[in-house]
Amino acid sequence: MAGPAEIEQGSLQRTFKDLFAGAAGGIAQVLLGQPFDIVKVRLQTSSQYPNALECATRIFKDEGPAAFYKGTLTPLIGIGACVSIQFGAFHWARRRFEASNTASGSLIPGLSYGQYYLSGAFAGVANSVISGPIEHVRIRLQTQPHGAARLYNGPIDCIRKLSAHEGVLKGLYRGEAVTVLREAQAYGVWFLTFEYLMNADAARNGIERKEISSLKVAGYGGLAGEALWLASYPFDVVKSKMQSDGFGKDMRYKGMRDCFAQTYRGEGMRGFWKGIGPTLLRAMPVSAGTFAVVEATMRVLG
């Protein structure tokens with residue numbers, strides 16, 4: 001029987017594997033999703049585009065194809081770290097629930113689906129500490145004027161200028177409260193949906209999880225991505241509005257509640273779903289690729 005030291009060492013190794021697999025999935029997520037993301041953010045924060053196709057066409061025509069990867073360096077580094085944290089935190093919480101269930105003598109193996117949701121929500125909250133400022137910088141770079149009128153000369157300059165306005169917390173971390181709410185709901189639903197589909201497939205076919213084909217893993221990951229955005233999109237709209245808002249006398253929103261209120265008064269419920277089309281279009285391949293890469297990496301690592 002393994003002693004406490006061996007158990008702790010095994011748990012640490014497992015966590016490092018989870019983090020590495022998540023980082024690999026994060027890189028795939030950024031490379032697949034960045035062109036869709038810039039269209040989503042432009043639609044959320046501006047009224048100059050009538051639809052996603054017109055937005056994408058004008059970006060291509062006015063700014064060139066490279067514009068679809070504006071601000072990519074920040075998420076490429078940051079989202080790799082974010083997804084690494086998401087999977088590391090999720091599996092850490094999952095193992096804690098499993099240990100608690102075993103200790104309490106539960107007759108049901110594994111986790112309840114409520115516990116899967118809570119594990120995902122924990123991962124989202126843990127992730128929000130770095131995803132908030134990373135996405136704020138990305139949104140500023142994606143929405144700034146093109147050419148000589150641009151406000152920031154890259155992510156480092158953007159971080160410096162945002163922090164100079166009202167300090168790190170009110171400047172760089174603007175919109176963090178709604179980011180925490182979005183991340184908890186989004187990743188609670190994301191992991192819950194994926195685990196439900198994987199468990200259902202294994203039970204239905206009488207196989208182990210590792211025997212599920214990569215194509216099915218990608219498909220279930222894609223469906224989980226659709227569920228993530230349908231469950232959390234209004235929070236994302238408010239976050240984008242707050243993180244593209246001006247400073248000082250140019251500030252439009254006093255805070256999260258004010259942004260919700262102004263959006264509802266000015267645009268109704270439809271205002272909370274602007275840009276959902278390209279977001280759902282993006283979610284399927286991006287989430288499919290993320291889970292497929294993570295699962296393949298974890299199977300290789302053992």
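Predicted model: local features only at pLDDT ≥ 70, side-chain atom pairs only at ≥ 80, totals over all residues.
**Salt bridges**

Side chains of opposite charge can pair when their charged atoms come close. In this model the count comes to 21 salt bridges, and three of them are set out below with the distance between nitrogen and oxygen.

| Pair | N to O distance |
|---|---|
| Arg-138 and Asp-37 | 3.4 Å |
| Glu-135 and Arg-182 | 3.0 Å |
| Glu-208 and Lys-210 | 3.8 Å |

The salt bridge of Arg-138 with Asp-37 has its closest N and O atoms 3.4 Å apart. Because Arg-138 lies in helix α4 and Asp-37 in helix α1 (residues 4-45), this pair ties together parts that are 101 residues apart in sequence. Arg-138 is buried, with a relative accessible area of 8%, and Asp-37 also counts as buried, at 2% relative accessibility.

The side chains of Glu-135 and Arg-182 meet at 3.0 Å, N to O. Since Glu-135 lies in helix α4 and Arg-182 in helix α6 (residues 176-205), the pair ties together parts that are 47 residues apart in sequence. Both Glu-135 and Arg-182 are buried.

These two pairs belong to a network of salt bridges that links Asp-37, Lys-40, Glu-135, Arg-138, Arg-182, Glu-183, Asp-236 and Lys-239. For the pair of Glu-208 and Lys-210, the accessibilities are 47% for Glu-208, which counts as partly exposed, and 59% for Lys-210, which counts as exposed.

Arg-140 is found in helix α4 (residues 113-143). Leaving aside neighbours within four places in sequence, the residues in contact with Arg-140 are Tyr-152, Cys-158, Leu-162, Arg-174, Met-242, Gln-243, Ser-244, Asp-245 and Phe-247.

**Packing of α7 and α9**

Two packed helices are described by the angle between their axes and the distance between the axes. Helix α7 (residues 214-243) and helix α9 (residues 276-301) pack at an angle of about 135°, and their axes are 7 Å apart. That angle makes α7 oblique to α9, and the crossing of the two helices is right-handed. Among the residues of α7 that meet α9 are Gly-221, Gly-222, Ala-224, Gly-225 and Trp-229, while the α9 side of this contact includes Ala-283, Ser-287, Ala-288, Phe-291 and Ala-292.

Notes:
Residues numbered from 1 in each chain as written. Heavy atoms only, no water. Helix = DSSP H or I, 4+ residues; strand = E, 2+ residues; numbered from the N terminus. Contact = heavy atoms within 4.5 Å. Axes fitted to C-alpha atoms, helices over the stretch in contact; angles between N-to-C directions. Parallel < 35°, antiparallel > 145°, perpendicular 65-115°, else oblique. Left-handed = near helix turned anticlockwise from the far one by under 90°. Salt bridge = Lys/Arg side-chain N within 4 Å of Asp/Glu carboxyl O. Buried < 20%, exposed > 50% of the residue type's maximum accessible area, 1.4 Å probe, protein only.
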